[in-house]
Every structure is written in structure tokens, then in C-alpha cells.
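Hi,

Here is the structure I promised to pass on. Have a look at it first, then read my notes below with the picture open.

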Amino acid sequence: MNEEYIMQKEYSETISALRYSGDIKSAIAKCIEAIEHFPDNNFFYKILGDLYVQIDNFEKASKAYLEQLKRLHTRPDQFKIFARFYRYLENKTSEDFVREFRSTIAASIRSGDIAPGIAKQLSLFFGKEFITDPEILELFKKTDNDINLREVRKFIENKISTQDINIVRTIIDYRIASIDRHKSRQTDEYFISVSERLEMFDRALVLVKNINGFLHNPTGVRTLLRICRKLNDYSVAENSLVLNEKYIEDSDFNVQYELVYYYEFNKNDILLNRTLRKMRSSASSSAPIARTLYNFYLRFNMFDEAKEASLHMKQLASASNRSIQHHGRFEEQQIETEQGIWTKLQDLVSDQEHNRQMIAIRDLLKGFSHELGQPITNIRYSIQLHQMKIKKGVASTENIENLLKLILSQTERIGSMLARFRPIISSRSKAEYFNVFGRISAVFTDLNTRLETCGIKYSIIGDKFIHLWGDAIQFDQVFYNLILNSMQAIISHKNCGTITVIISKTKQEQVKISFSDDGPGIPNGITKQIFEPFFSTKEPSSEDGGEGLGLFIVWNILKMFNGSIRLNKEYAEGAKFDMIIPIKEGATKNE
Amino acid sequence: MNKVLIIEDEVTTAAQVHEALAINSVEADIAKDGAEGIKMFNEREYDLVLLDLKMPGMDGEQVLTEIRKVDPFVDVIVYTNYSEFADIKKLTNIGIQGYINKGPKADLSELLETILEKLAPLTEEGVNKLIKHTPEELFDE
């Protein structure tokens, strides 16, 4: 070992000893002394900077860090030390101070005091004012005029393909800050699409807003709505456009397509349906539009409309067939392809029920494996933690007791989870005819004591003679879960309440059961999630379960009956669920 | 000096990670959901964030996006037992430095190693150690 190294080592030991003893002043003095001896060692500057931070002398701290920066080479982890210091400064000092610091750094870059690799990292960190790379500076200028668009596009696509996203981001930021846009309309539109592609939605939105008149044409509106959809936040669109009834009428198909998603997001069923109707009139002659519409119908469970759309698509197909002899080879192929798609779509319709059940099972397993993962993680972590303690020699008898307790409690958790799933997975599946009204009444009677304690009254109204074929015990579970949810909702809100069940038969040989309470209802923001497994609004630790399985079980059982459940969003006095179950042939017995 | 923020809704898991970090001399705070995590992250400086992806309310991805708005440099390690549904590509775009599996493959030592490795180049102790023990060439750099 050479002398210098030993000295550096001694300095650093003395400095850290002083530092940890709290004598920062002496540590600083020692550090300055060390720097005098070893002016090229960047570590001493970093430590000096940190010492000054400790006594809130940011002026000197930033000077020390700048010196450190000048002595850095290209190691990214070293740059990170600086980046973190800078963020710290931003939080602790004034904007002016930070700006001053930045301009000092910029000056150092210009005078060549900072290594090129570090200068590049700084430019990516701070943005365009730090860019020194002549190629990029040149490109900045080129983006100002559409005549360079081809070249700009080539450059950007190349950077994207080499994953050089930071540079692309810097150029997008340059476009955002640009003031003179009258020659760069196409270029800016291109950068919107780039931002969108790279999922920099915030930047895309700023560009959309900054381009004058962009929202006066359908492409612009469509782009804005599409970005908002991907962001799951329509506030920018709502601020720039009036998305009312008139807007639907005046829009072209592509905008209407986005409007459907917007109204779905906003839960505005009325305007959503209006948009779909409007789209239907444009679908009369266009197969792709008809197909889009068909997909929407499926998405919103509008099966009658979907069926109609599917018929319409077939008509369009046979119309093309009739004129087939007039077409060339290309059209012929195209028609064949489209026919193929229609056949597939038809298969899809018949497979749909099957698919839904598969999706239900998949979701169930998804939730199940997630929930099972929690106790498994806890058991594994606790054992591994104990092993770690043994290795370090800090394990105690008390630790072992706690470990065993924890493992036992986690296995109990698995057990109770399995018990909750039983209604879905029980293979008893004893199918029988049962009376809908009778079964529901029996569940209420069973829960009567608890309902009375909570001050909850109930009424069951409607058709007393509808029978269903299936597992009656599972059917009961639907109502046990719904009633328990309502009870909890009502008592969290007030000290009495009412639950109402209405049973009726629809024209399509279905039984419709609506279940409503006058509790606080389901908050708007979560109406989509309530049927997901393990979604819960209750505290996980609370005694009332709160594991978020109730409505998921309900949903699954109804699936087994080929039925469905929907939250009635129009109902404002509490929560209301509408269930539909098809009555299988022969299941109706009039008593 | 080093401080880790654990954002995890599962209390038991969080406590175990916290203890494992403690016996390795790393300080940590626990946030029990995303909103609390963001609040704590904004209130003080953390060197690393350990983020559970599947949480009630704000999920891990949303939390990550919020954190990245404030600090593009802090190390974030995500962990979940829901791996097949995590959009790792998307998360990588927002910016994560590590991904760890929980559930049947949960390995506390692996988690700890990953965390310590990320913290290592920046620990006060680490820097001092580096000065003390690095080969001389490094100073000649």
C-alpha cells in the first residue's frame, strides 16, 4: 500500500469519527484539509457537501457538490448521488437559489469543466437548456418546420428503436415549450402520437392543448378523447369541449366511438345509448362500423341489439356475395376474410356463455391465488426472518414462540378462506326445483333475529309461483350475502332501515329479482369494482369479514344459474341490485 | 442515514420486512396504503421504496406514477404475489429498479439482498468503507 492511500484512509476515518461524534465543525475542517492534500478525490467533496447540508449551509454544500461533479467520470451511480442532492436542494432552498445553482452548473459545462458523460446525464436530468450535443441542438431547430418532418421522424423512430427514450422526451419537452408553431403543425401532431405511443400521456395532453385549432377537427378531438381514455381521466377533454347531446349529433363516427367510452366512464347511460343509436344509423351500409357496434353491444351486455347487429352484418355479407361476380380477385379475397370473421363471431355468440363461465372461474382462481399468497408470504418471511436471526445470533425463545403463533394464525387464515369459498366450490350440486319466493323468505326468516336487532324491516313482493331448477342452497347464499352486506351498510349509516325484494317474470322466460336497501348506497367511484374478488370497503381487520368475497360469490352463483347481477345505478335511495335468471324449460310449475 | 419506505397493506408482511431491515441496520417506515405512502414520501426523503402492487384503493402502479412525478431517481422495488397480472413492461416504463415475487416463492433474503444492493453505493457507511477499502486504482481514476 502506498503512502497516499494510507493517508486518505486515515482522513476518512477521522472525518467519520468526528461526524458521528457530532463535531461537524471539526469534521469540515478535517475534510478541507483532506481536499488540500488530495484535490482530485471526488469523495471528499461529496462528504464535505453532506457535512454542510447537515448544518444547513446550502451555499457551501452546493459548491462542494459542484466540485464533486467536476471530478466525476461516467459512473451512473455516482451521478445519482448528485441527483439526490439536487432534489434535496430543490425541497430545502428557494427557487432562486436552485436556478442560480443550475446556471453555475451550465457555465461549468460550457467551460468544459465537466466530463462529457456527466454533462450528458445532466442534460437529460435538467432538460433542454443543458443540451450541448450539437446533433440534438440541430434537431431542435428542425422540429420548428414541417419541411424537416421526414428527417425528424427518422431520427425519433431510430431513438425509439434503440430505447433512447430520454432524448425523445427532451425533444418532446422542447416542442411543448415552443412558442412559434405556425410552421410545425404536422410535426407537433407527430409528436403527440409519439408521446401517446410512449405512454407519456401528460405530455401528449399539453401538446394537444398548445396546438391552436387542433380541437376544431375530428382527428384532434378523437386524439384528445383517446388519450383521456388511456389516462382514465377526462378532465382536460371536459375543460376544452362541451360533450353534450348536440356534440353527439355533430360528430363523425370515429369521435362517437370515443364518446361511447367517455359516457361509459361518466356512467351516463342516457347519452351512451343515444351515441350508440346514432352510430347505428351510420352502420347501415358499412361492415366495419357494424362490427364495432356489435362489439359495443356485447361490451354493455345489450344482447338483443347484438343479435340484431349480427343479423345485419350477415345481410351486409350476403349483399356483398350477390355482387361478387362484379368484383376483382382482391375484393373476393377480402369478402372471404370478412365472412370468416362473421363465422367466427357467430361461434363466439354461442361460445359466449361458456366463455363467461370460464372467465368467472379464472377470476375466482386469480383472487384465490392472490389471497392464498398473503399467508404463504407471511409464513415464509417469518421462517426466513428467524433463520436470519439465528445466523446473526440474535434469536430468542420468545422469537420462536412468536414464530409458531404466527404460522398457526396464518394457517387458520387459509382455513377460514377455504370455508368462505365453499358455497362456490361445493360439489354437492344437488339440483332440484325450488320456489324462488319461498327460498328467499326462508333466508330472511333465518336472519330475522339479527335483522330485528339492527332495526331492519324487510318486504318480499311479487310473483310467488316462479320455480327454478338448480342448487337451492347455493341460491340461498346469494341472499345471505346480499342481506349481510345491506345490514352492515345500513347500521354504519343509521339505526334502522328497510330491505325490499321484488320478484317478477319477464317476457323472455326469465325471473327478475331486484334487491334494494335504503342504506348509504355504493359510492360512485367504486361501482365497477364491487363484483371483483377481494374488493372490500370494510377494514380488513374488522370482524365482519371484509375480505371482499360477498358480491363476488353472489356473482359466481348467478353465473352458475346462467344469470346475471347488475348494480342499478339510477337508484339513489340506497343500493339496488337487479338479478336476471333464465327459467329453464320445464322449470315453471304453476301451483 | 438510509431510509426505506415500505408501502404494503398486509400488516404482518410489512412488519417482517421492517424487522429484517432493522437487523441489517436499515431504518424503515411503513405506510399501510398507497395514499399514506405518497403522503409520507412527500414529507421526507427516502432512499428506496418497497411497493406492493396489489392494494385496496390506490394500487401500486398509481402510487409509482405519483412518486415518479416527484422524484424520478429514487429506487423503487415492486413486489407482489400477483405476478402474472402485473404489467411489468408498463411499470418499467414508469420506472422501477427491481421486481420481487411474493407468494409461494417469497424469499426474504432475496428481497433484503436486492434492497441492500440498491442502497449500497449510497450509504454513508458504504462511501466511507469504499474510501477505506477500495483498491488504490480507484483514486487514480
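Find Leu5(B) to begin with: its bridge partner is Val49(B), which sits in strand 3 of chain B. This is a predicted model, by the way. That pair of residues belongs to the link between strand 1 (residues 3-7) and strand 3 (residues 48-52) of chain B, which run in the parallel sense and share 4 bridges. Helix 3 (residues 60-70) of chain B packs on the sheet here, touching strand 1, strand 3 and strand 4 (75-80) of chain B. The direction of helix 3 makes about 155° with that of strand 3 of chain B.

Now zoom out to the whole sheet. In what order do the 5 strands of the open sheet in chain B come? The order is 2-1-3-4-5, and the pairing is parallel. Strand 2 (27-31) and strand 5 (98-101) of chain B are at the edges with a single partner strand each, so one side of each has no neighbour in the sheet. On average, neighbouring strands here are turned by 20° against each other, if you ignore direction. Another helix to look for is helix 2 (residues 34-43) of chain B, which lies across strand 1, strand 2 and strand 3 of chain B and runs at about 135° to strand 2.

If you like to count, chain B has 7 helices and 5 strands. Follow the sequence and you get the pattern β-α-β-α-β-α-β-α-β-α-α-α. Of the 141 residues in chain B, 50% are buried.

Two of the helices in chain B also meet each other. Helix 1 (residues 11-22) and helix 5 (residues 108-119) of chain B pack at an angle of about 60°, with axes 11 Å apart. That angle is why helix 1 and helix 5 of chain B are called oblique to each other. Their crossing is right-handed. Which residues make the contact? Helix 1 of chain B brings Val17(B), Ala20(B) and Leu21(B), while helix 5 of chain B brings Leu108(B), Leu111(B), Leu112(B) and Ile115(B). By class, that is 7 nonpolar residues, with no polar and no charged ones.

Chain A has a helix pair to look at too. Helix 3 (residues 42-54) and helix 4 (residues 58-70) of chain A pack at about 165°, and their axes are 8 Å apart. Helix 3 and helix 4 of chain A are therefore roughly antiparallel to each other. This crossing is left-handed. The residues in contact include Tyr45(A) and Leu48(A) from helix 3 of chain A, and Phe58(A) and Ala61(A) from helix 4 of chain A. The contact has 8 nonpolar, 3 polar and 4 charged residues.

Last stop: a sheet in chain A. This open sheet of 5 strands has the order 2-4-5-7-6, with mixed pairing. Strand 2 (456-462) and strand 6 (564-567) of chain A are the edge strands, each pairing on one side only. Within the sheet, strand 4 (residues 497-505) and strand 5 (residues 510-517) of chain A pair in the antiparallel sense over 7 bridges. Look for Ile502(A) there: its bridge partner in strand 5 of chain A is Ser514(A). Helix 22 (residues 436-446) of chain A packs on this sheet and touches strand 2, strand 4 and strand 5 of chain A. Helix 25 (residues 550-560) of chain A packs on the sheet as well, touching strand 6 and strand 7 (576-582) of chain A.

Cheers

Technical notes
Residues numbered from 1 in each chain as written. Chains lettered and ligands numbered in written order. Predicted model: local features only at pLDDT ≥ 70, side-chain atom pairs only at ≥ 80, totals over all residues. Heavy atoms only, no water. Pairing = 2+ DSSP bridges. Axes fitted to C-alpha atoms, helices over the stretch in contact; angles between N-to-C directions. Contact = heavy atoms within 4.5 Å. Parallel < 35°, antiparallel > 145°, perpendicular 65-115°, else oblique. Left-handed = near helix turned anticlockwise from the far one by under 90°. Nonpolar A, V, L, I, M, F, W, Y, C, P; charged D, E, K, R; others polar. Buried < 20%, exposed > 50% of the residue type's maximum accessible area, 1.4 Å probe, protein only.
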